Number of protein chains: 2
Amino acid sequence: VSSGVDRTVFCVSDHTGLTAETFAHSLLTRFPGVAPHYETRPFVDTVEKVEQVVDEIDAVAALGPRPIVFSTVSEAALLSRLERANGLVLSMFGAFVEELAREFRVEPSQVVGAYHGMRDTALYQVRLDAVDFALTTDDGLGLEHYRDAEVIVLGVSRVGKTPTSLYLAMQYGIRAANYPLTLDGKQGPGLPPAVAGFQDRLHGLTIDPIRLYQIRQKRRPDSAYASLERCAEDVERVERMFRAERIPVTDTTARSIEEIAATIIEGSHLIRHLD
Amino acid sequence: VSSGVDRTVFCVSDHTGLTAETFAHSLLTRFPGVAPHYETRPFVDTVEKVEQVVDEIDAVAALGPRPIVFSTVSEAALLSRLERANGLVLSMFGAFVEELAREFRVEPSQVVGAYHGMRDTALYQVRLDAVDFALTTDDGLGLEHYRDAEVIVLGVSRVGKTPTSLYLAMQYGIRAANYPLTLDGKQGPGLPPAVAGFQDRLHGLTIDPIRLYQIRQKRRPDSAYASLERCAEDVERVERMFRAERIPVTDTTARSIEEIAATIIEGSHLIRHLD
């Protein structure tokens, strides 16, 4: 459902394809007139597999505008074969590998294809432990683990606490708990007792009441919980509390998960565990 | 804990920094002799913020080798200021924006900084729904939703089913359920009844028994569950079942979450929801 001009975009990689996808998506959002249709081809690491992808690219090109091809294929012989395809082939690593090889005084021929060493294993464990932590402390569970949290995400029901906490864990290895603000009258005006001792690591989420209404209607149509009045009241109350308690706040309304996560990290000065 | 030469790597972006991080990480793993120390600077979209990052880069450069700077800053005035920093500044979008602008017949000046339209909102909802689905159908829960699964991940305890399912949901909007294989004698040799009707969408995970032993020992030290004998037996039994039932299998042992996900998508012919 897009008004842009359709264009097929191949992400071709000798590894997972994730880097090519992330790069292509980020770059193509800058061309709102184009509606990309993505095709990822991972683990393309033999001549046979390259030939197959070239055939696919050529088949698309025969029926319309030539595809855009984002490539992170590193082996020169494979890349040069790919570049003969009937598409705009953008080799994303090419120039950068050479510049970095000069900087690090390594012969380009010594640059490995896709290295995975112990560092990656250690990082993997940090991320898995963080995902476990997010699940253990999701939605007000596991309060006894809150002292190990790097951030405790607060917000009303359906504001996006769970996916945000999981993304912080998965992508950045950050231990993120989340706690629901119910505000149903049982809760006083101040911080809930469960999180009152952790003021330095609280982060609030808020949302446009109309967007919240749409989300809650999908969940429980025509309930009091999903009424516009209740949504507006919930949001107003938590925003008042966030201000009173000086809790940093992120608005999730028009943001992707990546953007929400990056804003929380920025606003709460969290550390990304990337290496 | 790395034997490489330390080097500070700045990922500077006018947006989340995710693309610069993914790109830098992917590229630098090809230089195993270098131990990168990452510093992400997101939302750098004013002259003042660029000046601040330049000061940080220069401060690092004054104490050792110059930093590597991966930039996705798009505004020319900001980028040219950043390029005067005392680092190896790699502008990742520069050349590609120009090539794509020519291809799409757009004036480069009309290329927007970081566009977000309705397509992103729709994708966001697909991913949130998929995360909800993964949580609802985690570890054998919510069997009544299995008919809506795009893939059902099978495997023994601690093989990595939950983070894999969540990653497939979060990154690719794929509805992934997961089901534990207990193999404690109660279960017969064939497929568990709960998943027997979904043979076309099953995907098995396996792991090196020694790695499984290490993971389980961390979880429940010195238990029968975590013994090497039990780990070896669990793995052998499920592998035999996967073979007998012709279920595609991914080995999680030396793979990152990204790699496990990409291998499952490839092996089970799943569709990435990227646009």
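This is a predicted model: local features need pLDDT of at least 70, side-chain atom pairs count only at pLDDT 80 or more; totals for chains, interfaces and linings use all residues.
How many bridges join strand β7 (residues 202-206) of chain A to β8(A)? Three bridges join the two strands, which run parallel.

The pairing of β7(A) with β8(A) belongs to an open sheet of four strands in chain A, ordered β6-β5-β7-β8 and paired in parallel. The edge positions are held by β6 (176-180) and β8 (249-251) of chain A; each has a single partner strand, so one side of each has no neighbour in the sheet. Direction ignored, neighbouring strands of this sheet are turned against each other by 25 degrees on average. At the level of residues, Leu205(A) has Thr250(A) as its bridge partner in β8(A).

Helix α6 (residues 161-172) of chain A packs on this sheet and touches β5 (151-155), β6 and β7 of chain A. The direction of helix α6 makes about 170 degrees with that of β6(A). Helix α9 (residues 228-244) of chain A lies across β5, β7 and β8 of chain A; the angle between this helix and β7(A) is about 150 degrees.

## The sheet β2-β1-β3-β4 of chain B

Chain B has an open sheet of four strands in the order β2-β1-β3-β4, with parallel pairing. Here β2 (34-41) and β4 (88-91) of chain B stand at the edges, and each has a single partner strand, so one side of each is left without a neighbour in the sheet. From one strand to the next the twist averages 20 degrees. Strand β1 (residues 5-12) and strand β3 (residues 68-71) of chain B pair in the parallel sense over four bridges. Within these strands, Val9(B) stands opposite Ile68(B) in β3(B).

Which helix of chain A lies across strands of chain B? Helix α4 (residues 94-104) of chain A lies across β1, β2, β3 and β4 of chain B, running at about 175 degrees to β4(B). From chain B itself, helix α2 (residues 47-61) lies across β1, β2 and β3 of chain B, and this helix runs at about 175 degrees to β1(B).

## Contact between chain A and chain B

The size of an interface is often given as the accessible area lost when the parts come together. Chain B and chain A bury about 7900 Å² between them, and 63% of this area is on carbon and sulfur atoms. Chain B contributes 84 residues to the contact and chain A contributes 84 residues.

A search over all chains finds 36 salt bridges in the whole structure, and the count between chain B and chain A is 16 salt bridges. One of the pairs is Arg30(A) with Asp14(B), whose closest N and O atoms are 3.6 Å apart. Arg30(A) lies in the loop between α1 (18-28) and β2 (34-41) of chain A, and Asp14(B) lies in the loop between β1 and α1 (18-28) of chain B, so the pair joins two chains. The side chains of Glu103(B) and Arg7(A) also meet in a salt bridge, at 2.8 Å from N to O.

On the side of chain B that touches chain A, helix α5 (residues 118-136) of chain B gives the most, with 11 residues. The residues of that side divide into 42 nonpolar, 20 polar and 22 charged.

## Arg201 of chain A

Arg201(A) lies in the loop between α7 (193-196) and β7 of chain A. A polar atom of the Arg201(A) side chain lies 2.9 Å from the backbone oxygen of Arg147(A).

Which residues does Arg201(A) contact, leaving aside its neighbours within four places in sequence? The contacts of Arg201(A) are Tyr146(A), Arg147(A), Asp148(A), Ala149(A), Glu150(A), Val151(A) and Ile152(A).

How values were computed. Residues are numbered from 1 along each chain as its sequence is written. Chains are lettered from A and ligands numbered from 1 in the order in which they are written. Side-chain values use heavy atoms; hydrogens and water are left out. Contact means heavy atoms within 4.5 Å. Buried area is the accessible area (1.4 Å probe) that two parts lose on being put together, summed over both. A salt bridge is a side-chain nitrogen of Lys or Arg within 4 Å of a carboxyl oxygen of Asp or Glu. Ala, Val, Leu, Ile, Met, Phe, Trp, Tyr, Cys and Pro count as nonpolar, Asp, Glu, Lys and Arg as charged, and the others, Gly among them, as polar. Two strands pair if DSSP finds at least two bridges between them. Axes are lines fitted to C-alpha atoms, for helices over the stretch in contact, and angles run from 0 to 180 degrees between N-to-C directions. A polar contact is a pair of N or O atoms within 3.5 Å; within protein, one must be able to donate a hydrogen and the other to accept it, and residues adjacent in sequence count only if both atoms are side-chain atoms.
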